[in-house]
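Visitor: I should like to learn how to read a structural model. May we go through one together, feature by feature?

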Amino acid sequence: MIPLPQVLTVSAALFCLGLYVVLARRNGVFVLMGLELMLNGAALNFVAFAAHGGGQRFLGQVFALFVIVVAAAEVGLALAIILRLFRLRGSANLDEPRILQG
Amino acid sequence: MTSGGLFLGGAALLALLGALGVAATRNVVHGALFLILTLLAVAGMYLALAADFVALVQVLLYGGAVSILVLFAMMLTQAPDQPTSADRHRLPAALASLLLFATMVAAIHATPWPGSGATQLDHVDFPTIAAALFTTWAIPFEVASLVLLVALVGAVIIARREPGE
């Protein structure tokens with residue numbers, strides 16, 4: 001028996017801290033770390049519900065695995081983009097590029 | 001409280017501590033180390049929630065690959081002892097995330113969760129997960145491998161130095 005509301009609260013806190021980092025930070029690497037926190041909060045929810053529900057309880061775990069895989073793909077691609085931006089602009093701040101602005 | 005509950009609570013505390021550290025520090029290396037703490041603590045929570053395989057994947061993929069990738073990108077884009085440039089929208093961001101958190105907590109406490117079907121957690125063994133991944137979820141599994149392939153090829157092409165640079 002797991003304390004479901006408490007675990008859900010922890011994952012909500014992880015998600016909201018990640019959201020704060022994503023919204024407040026200018027440095028692209030930090031924004032990515034915030035995204036990882038948010039994805040972890042979401043995956044934690046899946047695992048918590050999987051542990052709570054009876055029956056086919058591993059389905060939530062399968063979903064969490066897919067979340068982790070997509071996060072890995074996302075972080076690789078996003079870090080490449082940040083690297084490219086840094087070479088182009090000399091800074092990893094995400095609010096500075098205005099190349100596409102007309 | 002059982003030892004499992006204590007373990008879950010401790011891991012949750014560590015995860016929150018790491019996340020707070022990521023939100024508070026301006027030093028990128030400290031941020032990355034706090035992030036690694038959070039990721040490993042979440043793996044501990046997975047263990048306490050009977051998700052052994054997910055915990056393993058979390059340690060391997062997040063604790064290993066993703067954190068190394070973040071440290072690597074940081075090495076290439078930032079002098080490690082310099083704090084990152086000041087953030088501009090701290091207050092609105094804090095307000096927005098606090099509001100979301102309050103809403104979520106209210107929703108969690110307003111919902112009457114049905115009691116768990118099982119009185120104790122039986123750990124999901126690897127063959128069960130493997131069978132689910134390779135039978136019911138075979139197509140999403142293969143699509144996930146395709147997503148990884150495409151993302152990594154794209155990352156190589158984007159990060160590659162072009163002759164003119």
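Predicted model: local features only at pLDDT ≥ 70, side-chain atom pairs only at ≥ 80, totals over all residues.

Visitor: Which elements of chain B have the lowest and the highest mean pLDDT?

Guide: The term pLDDT is the predictor's confidence in each residue, from 0 to 100. In chain B, the lowest mean belongs to helix α3 (residues 52-77), at 86, and the highest to helix α4 (residues 90-110), at 93. Chain B as a whole averages 86, with 89% of the residues scoring at least 70. For chain A the mean is 87, and 94% of its residues reach 70 or more. The model scores ipTM 0.90 and pTM 0.89.

Visitor: How many helices and strands does chain B have?

Guide: Helices (H or I, at least four residues) and strands (E, at least two) are DSSP runs, numbered from the N terminus. Chain B has six helices and zero strands, and its pattern along the sequence is α-α-α-α-α-α.

Visitor: What span should helix α1 of chain B have?

Guide: The expected span of a helix is 1.5 Å times one less than its number of residues. Helix α1 of chain B (residues 3-24) has 22 residues and should therefore span 32 Å; its end C-alpha atoms are 31 Å apart, which agrees.

Visitor: Which residues of α1(B) are buried?

Guide: Buried means under 20% relative accessible area, exposed over 50%, and partly exposed in between (1.4 Å probe, protein chains only). The buried residues of α1(B) include B:Leu8, B:Ala11, B:Ala15, B:Gly18 and B:Val22. B:Gly10, which also lies in helix α1 of chain B, is partly exposed, with a relative accessible area of 30%. In chain B, 33% of the 165 residues count as buried.

Visitor: What do the buried residues of α1(B) pack against?

Guide: Contact means heavy atoms within 4.5 Å. The buried residues of α1(B) pack against α1 (4-24) and α2 (28-52) of chain A, together with α2 (28-48) of chain B. Consider B:Thr38, in helix α2 of chain B, which is buried with a relative accessible area of 0%. Leaving aside residues up to four places away in sequence, B:Thr38 touches A:Leu14, A:Leu37, B:Ala15, B:Gly18 and B:Ala19. The C-alpha atoms of B:Thr38 and B:Ala11 are 8.8 Å apart, although the two residues are 27 residues apart in sequence.

Visitor: Where does B:Ala50 lie, and what is its phi near?

Guide: Most residues other than glycine have a negative phi. B:Ala50 lies in the loop between α2 and α3 of chain B, and its phi is near 70°, a positive value in a residue other than glycine. B:Ala50 is buried, with a relative accessible area of 2%.

Visitor: Which residues form a nonpolar patch on the surface?

Guide: Like charges are joined within 9 Å, and nonpolar side chains (Val, Leu, Ile, Met, Phe, Trp, Tyr) within 5 Å. Accessible areas come from the Shrake-Rupley method with a 1.4 Å probe; for residues, only the protein chains shown count as cover. Here B:Leu146, B:Leu149, B:Val150, B:Val153 and B:Ile157 form such a patch, with about 470 Å² of accessible area together. B:Val150, in helix α6 (residues 138-159) of chain B, is exposed, with a relative accessible area of 54%.

How values were computed. Residues numbered from 1 in each chain as written. Chains lettered and ligands numbered in written order. Heavy atoms only, no water. Patch = residues over 30% accessible without salt bridge, like charges linked within 9 Å, V, L, I, M, F, W, Y side chains within 5 Å. Salt bridge = Lys/Arg side-chain N within 4 Å of Asp/Glu carboxyl O.
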